[in-house]
Amino acid sequence: MKKKLICIECPKGCSLDVDIENCRVVKVTGAQCPKGEKYAISEIEDPKRILTATILTKGFPLKLLPVRTDQPIPKARIADAMKAIRKLRVTKRVKTGEVIARDFLGIPGVSVLATRDLEMLK
Ligand code: SF4
């Protein structure tokens with residue numbers, strides 16, 4: 001099987017032709033540097049994404065706090081992640097970059113971070 005990908009590791013956006021056998025990458029052409037092959041292997045064999053979402057707040061004028069994971073998580077777990085996010089509530093002030101949840105989804109080292117301040121209006 002063949003698949004075309006655009007490498008997103010840098011602004012050049014190389015067009016990659018990827019040969020796949022049994023869900024494994026066997027050949028990558030079109031990359032202008034080694035990152036392209038690495039990207040193709042990751043994207044085909046173990047795709048991951050940074051999750052961005054919002055979490056409900058309680059007791060604040062801002063009802064939804066924007067958050068993101070600090071590392072990419074497996075794409076196959078995005079639905080689980082959204083379910084987990086929907087169960088979270090923020091009940092205290094937080095600053096941008098503050099950790100809302102550690103070892104998110106039981107993945108060691110993956111945290112959910114606030115991407116804006118949550119404060120009471122003055
Ligand atoms: S293969 Fe290398 S040069 Fe091409 S887009 Fe990816 S990182 Fe950039």
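**Loops, sheet and ligand shell**

Q: Where is leucine 105 found?
A: Leucine 105 sits in the loop between strand 9 (99-101) and strand 10. Strands here are DSSP runs of E, at least two residues, and helices are runs of H or I, at least four, numbered from the N terminus.

Q: What kind of model is this, and what pLDDT do local features need?
A: The model is predicted: local features need pLDDT of at least 70, side-chain atom pairs count only at pLDDT 80 or more, and totals for chains, interfaces and linings use all residues. Residues are numbered from 1 along each chain as its sequence is written.

Q: Back to leucine 105. What is its phi?
A: Leucine 105 has a positive phi of about 60°, although it is not a glycine. Most residues other than glycine have a negative phi.

Q: Why is leucine 105 classed as partly exposed?
A: Because 17 other C-beta atoms lie within 10 Å of leucine 105. The scale: buried at 20 or more such atoms within 10 Å, exposed at 12 or fewer, partly exposed in between, with C-beta atoms placed from the backbone.

Q: And cysteine 23, where is that?
A: Cysteine 23 is in the loop between strand 2 and strand 3. Its phi is positive too, about 65°.

Q: Buried or exposed, cysteine 23?
A: Exposed, because cysteine 23 has 8 other C-beta atoms within 10 Å.

Q: What do strand 2 and strand 3 form there?
A: Strand 2 and strand 3 form a hairpin with 2 residues between them. Asparagine 22 in the turn has a positive phi of about 50°.

Q: What about strand 1 and strand 2?
A: Strand 1 and strand 2 are also antiparallel, over 5 bridges. Lysine 3 stands opposite valine 18 in strand 2.

Q: What is the strand order in the sheet?
A: The order is 1-2-3, in an open sheet of 3 strands with antiparallel pairing. Strand 1 (2-6) and strand 3 (24-29) are the edges, each pairing on one side only. Neighbouring strands are turned by 30° against each other on average, direction ignored. Axes are lines fitted to C-alpha atoms, for helices over the stretch in contact, and angles run from 0 to 180 degrees between N-to-C directions.

Q: What lies across strand 1, strand 2 and strand 3?
A: Helix 1 (residues 34-45), running at about 145° to strand 3. Contact means C-beta atoms, placed from the backbone, within 7 Å.

Q: New topic. Which residues surround the ligand?
A: Cys7, Glu9, Cys10, Lys12, Gly13, Cys14, Ala31, Gln32, Cys33, Lys35 and Gly36. Each has its C-beta atom, placed from the backbone, within 6 Å of the ligand.

Q: How far apart are domain 1 and domain 2?
A: Their C-alpha centres lie 30 Å apart. Domain 1 is 2-46 and domain 2 is 52-114. These bounds come from an automatic or database domain assignment.

Q: Last one: valine 112. Buried or exposed?
A: Buried, because 24 other C-beta atoms lie within 10 Å of valine 112. Valine 112 lies in strand 10 (residues 112-114).

Q: What does valine 112 touch?
A: Val67, Thr69, Ile100, Ala101 and Phe104, not counting residues up to four places away in sequence. Valine 112 and isoleucine 85 are 27 residues apart in sequence and 9.1 Å apart in space, C-alpha to C-alpha.

Notes:
Pairing = 2+ DSSP bridges. Contact = placed C-beta atoms within 7 Å.
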